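Good morning, colleagues. Today I would like to discuss one structure, with attention to how its elements pack.

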Amino acid sequence: MLIDGYDQYTQQDAEVVDIQPDDAEDTQDEAPLRADDYEAMKKHVFPPLDDLEVEADTYNTWHIQDWQHLSKRERGPIFECAGAPWRVLFFPHGNSVDCVSFYLEHGYENDPPADWYACVQFALVLYNPLDPTIFKIHTANHRFNAKEADWGFTRFVELRKAFVQPWENHDRPLIENDEAKMTAYVRVIKDPTGVLWHNFDGYDSKKETGMIGLKNQGATCYLNSLLQSLYFTDAFRKAVYQIPTDAEASRGNSAWTLQRLFYRLQKDRNAVSTNELTGSFGWDTRQIFEQQDVQELSRILMDKLETRMKGTAAEKALPELFVGKTKTYIECINVNFESSRIEEFWDIQLNVRGNKNLDESFKDYIQVETLEGENKYDAGPPYGLQDARKGVIFEEFPPVLHLQLKRFEYDINRDAMMKVNDRHEFPEQIDLSPYLSPNADKSEAWEYQLHGVLVHSGDFNAGHYYAFLKPTQDGHFYKYDDERVTRATMKEVLEENYGGEYASSLNGVAQRQPYMRGTSTKRSMNAYMLVYIRKTRVDKVLFGVQDHDIPSHIEQRISEEKAELERRRKEKEEAHLYLNLGLISDKSFMQHHWFDLTNYEADVNDPSAVTVKRVLRAKKVEEFAAEVAEELDVSADQVRFWVMVGRQNKTNRPDQPIRNDMTMEEAWHRHSSKGKPFYLWAETRARNKSTGKVEWPDVSGDSIAKNGGNHPILVFLKYFDINKQTLTGMGHVYVNKNDRVSELFTHIREMMQWNDNRDISLYEEIKFSMIETMKSSNTFGQSEIQDGDIICFQENERNPGIDLDHVIYHNARMYYDYLLNKIPVAFHPRPSTSGDIFTLDLSKKMSYDQFSDKVGQHLGIPGDHLRFATVNATNGKPKSWVKRNLQQSLSQILTSQFTAYGAYSQHRSDALYYEILEVSLQDYETKKIMKPIWLHDGIVKEEQLEILVPKQGIIDDLISGIMRKLKMSDEVDPRRIRILEVAAGKISRVLAGDHNVGVINEFTSLYGELIPDEEINMDDEDISVYCYHFDKEPGKPHGVPFILVVKPGETFKDTKERISKRTAIKGKLFQNIKFAVVPKSPYAKQVRYLEDDDILADRLSDGDSLGLDHVNKTKSFWGRAEGMFIK
């Protein structure tokens, strides 16, 4: 039973309950309201409903008598409403409070029918039967179901006030003579969406709607609303499925991750995460926890997908769905002249402020500006300055129209971006033909129906995004709010997203806004993006995506992942039946090249790594031995296990064999150390050639006593190859305690197949930092050798065939010291240069020259032709170049240190950048580094170069260096190469060959190029003009500037063809460029855009530039210099 106190209803929880205590009953001059006038009271407690439909209503009165002698809990008579039984639940003496408690509950004796619920608006009226004008009312609304069977008022009225005191303005109490009457007014409301007054406890979107939502990663609700909109545009979803991704099925491919996301939305039962998709975008935590510009995200995503679709069946799918056309025109009023340009659009941005509805916004968009007076239009010869009309008109709208409502704009008074919450209405259907050009094709109706409303609730600084979408042609709208999908009413879709004033605000009453601080009279939840579909094309847009449209590799991969997750789940459930252990064998030991018997931290793919086994606890040791024997290609009786024990010197060595007759769990309990991994060594042994049996050396305590202490000892052998500079495990042997160490030479020569009597040196590997030379005259007992010890052998340094001149480490002790200090260092070519990425194992004790020589050997160049830079630990960029210092070790170079100013300079301790120098490092320091950008093909292909020139050199030296760097033919005339000095995206000057490089500012850019033939072959009347790129405003340059030859009398249409050839910018990218003459004066406010019939030579004045106006695709996004990036 759900019991709720009266005071809790001051909480804002309108979806669950709306309590209206009768503290402000109407006091009119008319006859007072009587509680026994049931029809009048019903009208009083049940005001008219504007949007909800009543299924049934009723009232029932219960005469409560002998109040003081009633039990703790009472129930009133059952009555029926809307086919369900109801009754009043009554606590005469209070439900753990000093108040009378009343609740309405369903009257089913047992559980209600399956999935039963009722949305009920109800009122409970307690009154004095001797004077029905004395009453107390409480009203509420609630969704009753099997889990929430009752709802009401724990503090209906205080007992003290009800029994003793005169009631308010009356002279008698509410409860008199130990009796009162309780009338329950019940009105059952039809549930239009299935979620009316739902608390969403246990709500299943898939079950209720057949659809699922998207999980919010932190602040990705804006992304979720956009993705749902695109997903339910069936033609878009099918086009995404048609992108071939099977050859690049990786989490770095945004097309592949989007296919996977759409598949999961189509197939899964629970809300889907967008982690894979945002990960493929290259987003980090910052982008995930910041709300971003949906329009820009949509455009970049479309652009990336369109690129992926080239050459596929879906190549034209996106433009055919989303791209429309506008015409920007200037039309002379008094002469027959018009200048116009057709442009494509993916969405339309419409003003909200100052426009009441969508019609007014469209009219505002296409409004015509008259150019007259001082602002006349220069139509060129022969018309000159003319009165003209300037505007934009639509040539065609796409089948799927995205409208961006400009809800956010800059407020000059507040000097901040603010949200526009003005009321702005949009219809369910709209005819767009009034906004089309007279020349537009109107053979087919331009009527559109609403498909989606994307909503923002909150203000500019914080808020929440969700969407209302209509997935099918004739279906209902649904609300997509992150993980939750619910059916929506048309009022929720339209009226509640218009914005504007609340109805209550007419009386000056402000309301608290979701996701905002404080209150407001205006709704903060309103539409910011609308999606309309052309009615005549709706069959081609919303057609239902079928299972056979899904790429097979997507379904197969996800099925495999689900199977793997299920396997892991089952493995986790059965974990108590198994134990994990690590297995070491001679097979792995003979692949081992480091300390101890294995590297316990080695990668699982390393052949020397410990093999992890998952073994049934109840399995016998001999059964497990049979499994291992099969892997080692021997018989089961040829394997026995030794338990590995950790020694005080932090090594792990075999200690004793374990019996075959015990279970694995018994072995684990008896031999493992608590809290430490359980390791076994699998010993294998050949059969005796005479008997055919496996004869295991007896290393038990009984053997020690029996042989007088001269017992067999298990010893592992490693071989240090001086010439190859390698250390390798060779296997194991048994020696007797009282044997001399020199007797081990026989085993070694047999193992190595050495037929001569070459000298052998022996070392005991005691621990990582302790390698001791062994005396061959001592016994193994005197040398304190025990089971599991490791002995390393090598040829004597003086043996024939040993070349000490070309090796660093002459004996095993030196090599072990190298292993102890060995670190893997990753070497990367300096950014913007080519080269291999590789990793070398180097000793921390190496000097600069020693590790430089090692790197040089790997690259096949002299070590002194290299220089190195440490790697910034924060951003991965190179830090300053390391100075060659013979006293500094590699460890000191890689260790972050405090600078001279006390700051901590942190860099990576496992990586260095390298650069291959043309000269030795000593000669390099006498040069100056120049970093010109070479333009290979027009201006679209750039290559950053680094050229060394003498510090007192000239530009001709730089040109010579460029020619060598690019390996240019000797036939290329150096005079054909020029160097441009560029500042802020514009050409400052062309540098002469004798210009001193020492005076060039390091903050300017240098561009090198071959002078085009058209400049070399210029006619006398031709002129040249500096050209640069800008984005909307001339003061926002970007890109690579260039020089253009201007020919007299040439129309700009022909000039554009030469510009395309000169810059190598082609196709759609070139078509989107607008060209303008930019005056020299920095104070010039306007530029004049050029039309195809203009003659550029006639429009230019001295010092003017030609500007190319187009979007800067490298502009920053979210404050990141590299811009927004989607892979």
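Predicted model: local features only at pLDDT ≥ 70, side-chain atom pairs only at ≥ 80, totals over all residues.

Residues are numbered from 1 along each chain as its sequence is written, and side-chain values use heavy atoms, with hydrogens and water left out.

Helix H4 (residues 221–231) packs against helix H9 (residues 294–309) at about 50°, and their axes are 10 Å apart. Helices (H or I, at least four residues) and strands (E, at least two) are DSSP runs, numbered from the N terminus. Axes are lines fitted to C-alpha atoms, for helices over the stretch in contact, and angles run from 0 to 180 degrees between N-to-C directions. In the contact (heavy atoms within 4.5 Å), Tyr222, Leu223, Leu226 and Leu230 of H4 meet Val294, Leu297, Ser298, Leu301 and Met302 of H9.

Let us turn to the sheet. Five strands form an open sheet in the order S29-S28-S32-S30-S31, with mixed pairing; two strands pair if DSSP finds at least two bridges between them. At the edges are S29 (611–616) and S31 (652–657), each pairing on one side only. From one strand to the next, the twist averages 45°.

Strands S30 (residues 639–646) and S32 (residues 679–684) run antiparallel and are joined by five bridges. Arg640 has Glu683 in S32 as its bridge partner.

Finally, helix H16 (residues 621–632) lies across S28, S29, S30 and S32, at about 100° to S30.
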